[in-house]
Each structure stands twice: as C-alpha cells, then as structure tokens.
Amino acid sequence: MATRRLIILGSTGSIGTQALEVVTHLNALHERGGFSHRFEVVGLAAGKGAALLGQQAQRFGVRDLAIAEPNGVSLGDGRVRVGSDAAEKLVREVECDLVLAAIVGSAGLPATLAAVELGRDVALANKETLVAAGSLVVPTSHRTGAKLLPVDSEHAAVWQCLQGVSTEAPALRSAPRGVRRVILTASGGPFRTASRDEIAGATREQALKHPTWTMGAKVTIDSASLMNKALEIIEAHWLFALPGEKIEAAVHPQSAAHAVVEFDDASMVAQLATPDMRGPIQSAFTCPNRVASLVTPLAMGSGDGVRAARSQSLQFEAPDGSRFPLLHTAYRVIREGGTSGAIVNAANEEAVLAFLREDSMKFGRIAELVLEAIESVAVTRLTCLGDALEADRRAREWVRSRLARRIG
Ligand code: NAD
Ligand code: MG
C-alpha cells in the first residue's frame, strides 16, 4: 500500500514533534518521487499540552485524538478521547498500519501493548514498555506478527549492524547467529567525570544539562544516572533475544557510534551517525529502505570541508559502576524476570518525578530510592498486563512513602 496510516502516541513530546518533522519531510520526498510511500497521520495522543495537540491536529488534518488531561482546552470538532486510557482507546478504535510509541514512561504500556495485540507494527521509542512487560509484549508480537521497530538510537543502530545476519524484524525469536556481544554506547551524561560526592549532591539544573542530546526531561535525567543505559540493556535483551551476558555498555562521549556488534570472528560492526533522533525515527518509518534524511552526516572525509575541521577523535571507556550503581540493575532484572522490571522502572520514574519537582532533592537520592525499592518491593509472576500495572503501582507507592517520611 502506498499510503501508510500512522498513529503518534506522545505527539507533543521531543520524539513526537521530531516524528512530525520526519513525516513532513518524507511526504515532500514522496511528492518529488524520492520515496515510494506517503504517510497519513490518522491519530495523535498526548498527556497534557492540549493546545499543541490541537495545532498538530489542524496542521496534519487529524480528526482522531486522545488526551489524558485536557485542562479545559477545547480540541475543536475532532473525535477526542479523554482520560488516562484515552491513548489505548485511540489505538483500539482507529485503523492504522504503524504506531509510533513515544509516550514517556510506563503510562505508554497499555496503548503500546494494544497496538501489538492488534498486529500493528510499532515504531518503539517507549523503552519502558519492554522494561516493564517485555515478557508479555514480545510473545504477543510473535503471535500477531507485529514488528517492533526500534527508535531508540542504540537499538536502531544494533539492528542496522545486524542487517545481513538476520533478515527477521525485531523482536527476534532467537539470538542472531555469530554475535558474541552487543555494546550499547552512552554519552556518559553531564557527570561523566564527576566524583561520587559531586554526583550525589548534584542539582536539577546540573542533571538536566546533557552534553550531546536534546531530549525530554525524564530520559535526560536517566542519561545522567546511566539508568537510561540500564533500561536500554533490558530493551536490547527483549528486542534481540540476547542474554544479559552478551549486552554491555561503553561510555563514548562523542555520541557518534550508537552501538557496536562484535561477532564470533572478532569483527566489530558499528553504526555511526550524528546524534539526531530524526535519523532513527526515519529509519523505523522507512525500513528496509534508506532515503534522504534531515540529518547532517558526521564529518569525516577530506571532502567535508569546514565540518571536517570540527571532527573529533572517538573515545570508548568502561562505565564506572561504583559512581553509577543503577547501571547494574539491568542484569538483575534480566535474571529475576517476573515483575522485577516493572518495579525498577516505576521506582525510577517516581524518584525522577520527585527530583524534577522538589527543589531540595539531591541527585544521589534517585539511585538510593531505586536500589532500596529493588530490595523491598516483592517481585511476583507476570502473566498479564494487570500484574505489571499492579507491580508498578506498588513500587510507586513505596517510593512515595519513603519520600514522605524523609520530608515530613
Ligand atoms: P517527552 O517528555 O518530551 O514527551 C512525552 C510525550 O508523552 C508527550 O507528548 C506527553 O504529552 C505524552 N504523555 C505523557 N503521559 C501521557 C499519557 N498518560 N497519555 C498520553 N500521552 C502521554 O519525552 P520524550 O523525550 O519524547 O521521550 C518519549 C519516549 O521516547 C521515552 O520513553 C524516552 O525514553 C524515549 N526516547 C526518547 C529519546 C529522545 O531523544 N527524546 C531518545 C530515545 C528514546
Ligand atoms: Mg537511547
């Protein structure tokens, strides 16, 4: 089909707004004969920010909308679903070919799982979905044939490195042959060279200063604690059917190489690109085709002129687990299974929310809370969405009660 009908969940966020830029770009390319498909945006969902949602709906001619908290803003004459399950309703009620899952946090899980249940291909930015419920989402995708096309830059990179090894789209059913390990890169965030004490006492402003990427607040804080890399190791486990021992992280401050795959013959294949999320968003939208994009390539060759003058050398360092203790939670979650991912993820979300809200909260408190929650909140079996949501609720409640005790 030459038209691909697209639903964007989280359209007003960092990924969502960049996705709409990519849609505009690809449709212009299609008009000029540069790409076979055109995209029709058939649904948009957001949490708050109803005014921007309304503008997007008007600009892209979208009638089916979802908003969790409209806060009194009217969204015109479209078909608007309202409330915490609005995004899931949108997915269930509106026919489409592809869903971009770009809601932040486990709030995105029910709608993303619904898309997978309906057999829709999912361009997946919302990594928390796989962390909290990979053991439900992945088998469901195999049953319905829904593809999970990675938007997270590291996973988009791994998938590119595997082309020629595996023709199957993620989530893979078995580990790709000949892969010895996968290395996900991390910029190291604003505290890469900071001491343990400096990290513990850091403020919100310091933690929000990401050196290489511009992203939503939650993922920016996760990048500063390296929790983002822990979430991504779990995400890679589910997308590429790899055991924890085969997934590593490397600190790479230039954010030029996004992932490296090492094969049994000691060859390593890396994917390099300018850190710009419009690249991986587009590759999920157009795969397996490669077409002109909005991203400026990295400078490298002698023909790159002025840009080459700014090119840097590439460094790779082992991450320091003692300064960034959340990194290792990934391996524990992969080992323990059940609701452990839902618990770690929800504890982290709740701690990050508090850090973003409370002026007096220090950065180090996030890691303390998450590590304590892992020891304190009971892990149970995960057999249905309700199990994941219940574990999520218990972990949040636990973090809130700890915070209340400290403050009160
Ligand atoms: P963001 O905070 O900028 O945007 C989040 C979006 O989700 C907003 O549109 C918001 O309105 C919506 N939302 C929140 N709660 C909702 C709810 N209950 N119902 C419906 N919509 C809701 O976040 P972001 O940076 O765009 O990140 C989105 C996801 O993509 C996250 O899972 C993040 O980890 C992942 N990701 C982001 C980047 C990036 O560069 N921003 C890179 C890789 C992965
Ligand atoms: Mg990433």
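1. Between which strand and which helix does the loop that holds Ser187 lie? Ser187 sits in the loop between strand E8 (179-186) and helix H7 (196-200); helices (H or I, at least four residues) and strands (E, at least two) are DSSP runs, numbered from the N terminus. The model is predicted: local features need pLDDT of at least 70, side-chain atom pairs count only at pLDDT 80 or more, and totals for chains, interfaces and linings use all residues. Residues are numbered from 1 along each chain as its sequence is written, chains are lettered from A and ligands numbered from 1 in the order in which they are written, and side-chain values use heavy atoms, with hydrogens and water left out.

2. Ser187 is buried, with a relative accessible area of 10%; buried means under 20% relative accessible area, exposed over 50%, and partly exposed in between (1.4 Å probe, protein chains only). Its side chain reaches the backbone nitrogen of Gly189 at 2.9 Å and makes a polar contact with the side chain of His210 at 3.2 Å. A polar contact is a pair of N or O atoms within 3.5 Å; within protein, one must be able to donate a hydrogen and the other to accept it, and residues adjacent in sequence count only if both atoms are side-chain atoms.

3. The magnesium ion (ligand 2) is coordinated by Asp152 (OD), Glu154 (OE) and Glu232 (OE), at 2.1 to 2.3 Å. Glu154 belongs to helix H6 (residues 153-161) and Glu232 to helix H10 (residues 227-240), so the pair ties together parts that are 78 residues apart in sequence. Both Glu154 and Glu232 are buried. Donors are N, O and S atoms within 2.8 Å of the metal (3.2 Å for Na, K and Ca); water is not among the atoms, so the site may look incomplete.

4. Ligand 1 is surrounded by 23 residues, and the closest are Thr12, Ser14, Ile15, Gly47 and Glu128; a residue is counted if one of its heavy atoms lies within 4 Å. Domain 1 (2-151) and domain 2 (152-321) both give residues to this shell, so ligand 1 lies between them; the domain bounds come from an automatic or database domain assignment. Helix H1 (14-31) and helix H5 (127-144) each supply at least two residues of the shell.

5. Oxygen atoms of ligand 1 approach the backbone: one is 3.0 Å from a polar backbone atom of Gly13, and one is 2.9 Å from a polar backbone atom of Ile15. Taken alone, ligand 1 exposes 830 Å², of which the protein buries 86%; accessible areas come from the Shrake-Rupley method with a 1.4 Å probe, and for residues only the protein chains shown count as cover.

6. Helix H4 (residues 109-117) is mostly covered, with 8 of its 9 residues buried. Gly119, whose phi is positive, near 80°, follows H4.

7. Most residues other than glycine have a negative phi, and most peptide bonds are trans. The peptide bond from Pro170 to Ala171 is cis, with omega near 0°, and Ala171 lies in the loop between H6 and E8. The peptide bond from Cys287 to Pro288 is also cis, with omega near 5°.

8. Asn71 has a positive phi of about 50° although it is not a glycine, and at 58% relative accessibility Asn71 counts as exposed. Leu226 has a positive phi of about 65° but is buried, with a relative accessible area of 4%.
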